[in-house]
Amino acid sequence: MQLTVAKDMESLQEALAGLAKAGKRIALVPTMGALHAGHVSLVKLAKEIVDEAVVTIFVNPKQFGPTEDYGRYPKSPEEDIKKLREAGAALVYVPSADDIYPPGFSTSISVGELGKILEGKSRPGHFDGVATVLTKLFLSILPHMAIFGEKDYQQLCVVQRLAVDLDLPIEIIGAPTMREVDGLAMSSRNVYLSVEERKIAPKLHEVLESVGKVIASRKVSVKSALDQGIAALGKGGFKVDYLELRQAETLAELRDFTPPARLLAAAWLGATRLIDNIVVE
Ligand code: PAF
């Protein structure tokens with residue numbers, strides 16, 4: 001199927017009607033563009049589990065704080081379309097900020113406590129912005145499923161909660177984090193890293209792996225394993241925002257290792273904030 005590029009609601013609805021008429025089941029892959037192999041893997045997964053992949057590219061102003069990188073978020077529109085065409089996506093919706101938030105727009109979805117911990121602590125309002133835009137995209141596209149990378153693990157939990165709480169008839173699927181060969185989690189923001197920082201960056205995943213092993217061995221307390229990890233990251237040149245062990249579904253804090261558990265971290269490397277997470281089992 002040829003890729004349709006829809007730049008407004010009317011052409012989006014026309015293309016969706018075509019897919020529905022052909023009896024296609026669709027999976028949505030929401031993105032902010034600057035696509036990398038991680039996004040491509042989500043499109044391919046979509047095509048494996050349903051008939052067609054529908055992608056959105058929208059840099060959502062409501063999920064960026066006032067001092068964050070909204071204005072300089074990486075953009076590569078032509079390369080993005082090329083990658084989506086090669087990956088076999090059927091439709092990409094590229095709305096403008098005015099299409100999504102026309103003058104007078106004032107509604108916001110609040111995701112409560114789940115949006116205030118971890119990422120939400122450092123980025124107040126971030127998950128409300130994510131939930132607001134995704135609710136709009138879900139309702140205008142009404143996909144059978146929506147796929148999210150586990151790299152943004154808290155986002156995945158928030159979206160799962162959102163779908164349950166609002167009775168959205170959409171199955172939310174998590175897909176494994178794609179990594180560079182040295183272990184660094186793929187992210188559109190990795191382009192911000194200097195050559196030196198890029199060499200150091202994989203240490204975040206390395207430390208997660210080693211702390212995860214120590215926690216799983218139950219030889220020391222969770223707190224002491226986390227403290228060792230924070231110290232190792234500091235020594236490696238990171239400024240740690242958090243390194244925490246959480247229950248894998250509710251993201252409740254875990255003082256003792258009780259599976260299913262997720263180890264999540266955010267740390268600054270110079271001016272770039274990296275996040276990553278792993279399962280601990
Ligand atoms: O993960 C992202 O790229 C964004 O948070 C998303 C899900 C596209 C919402 O703007």
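**Charged side chains**

Analyst: Arg 262 and Glu 150 are joined by a salt bridge, with their closest N and O atoms 3.2 Å apart. A salt bridge is a side-chain nitrogen of Lys or Arg within 4 Å of a carboxyl oxygen of Asp or Glu. This is a predicted model, in which local features need pLDDT of at least 70 and side-chain atom pairs count only at pLDDT 80 or more, while totals for chains, interfaces and linings use all residues. Residues are numbered from 1 along each chain as its sequence is written, and side-chain values use heavy atoms, with hydrogens and water left out.

User: How many residues apart in sequence are the parts that Arg 262 and Glu 150 tie together?

Analyst: Helices (H or I, at least four residues) and strands (E, at least two) are DSSP runs, numbered from the N terminus. Arg 262 lies in strand E8 (residues 261-269), and Glu 150 lies in the loop between strand E5 (145-149) and helix H7 (153-165). The pair therefore ties together parts whose separation in sequence is 112 residues.

User: Is Arg 262 buried or exposed?

Analyst: Buried means under 20% relative accessible area, exposed over 50%, and partly exposed in between (1.4 Å probe, protein chains only). Because its relative accessibility is 9%, Arg 262 counts as buried.

User: Where is Asp 182, which meets Arg 198 in a salt bridge?

Analyst: The side chains of Arg 198 and Asp 182 meet at 2.9 Å, N to O. Arg 198 is partly exposed, with 25% relative accessibility, and Asp 182 is also partly exposed, with a relative accessible area of 37%. Arg 198 lies in helix H8, and Asp 182 is in the loop between E6 and H8.

User: How many salt bridges does a search of the whole structure find?

Analyst: Side chains of opposite charge can pair when their charged atoms come close. For the whole structure, the number of salt bridges found is 13.
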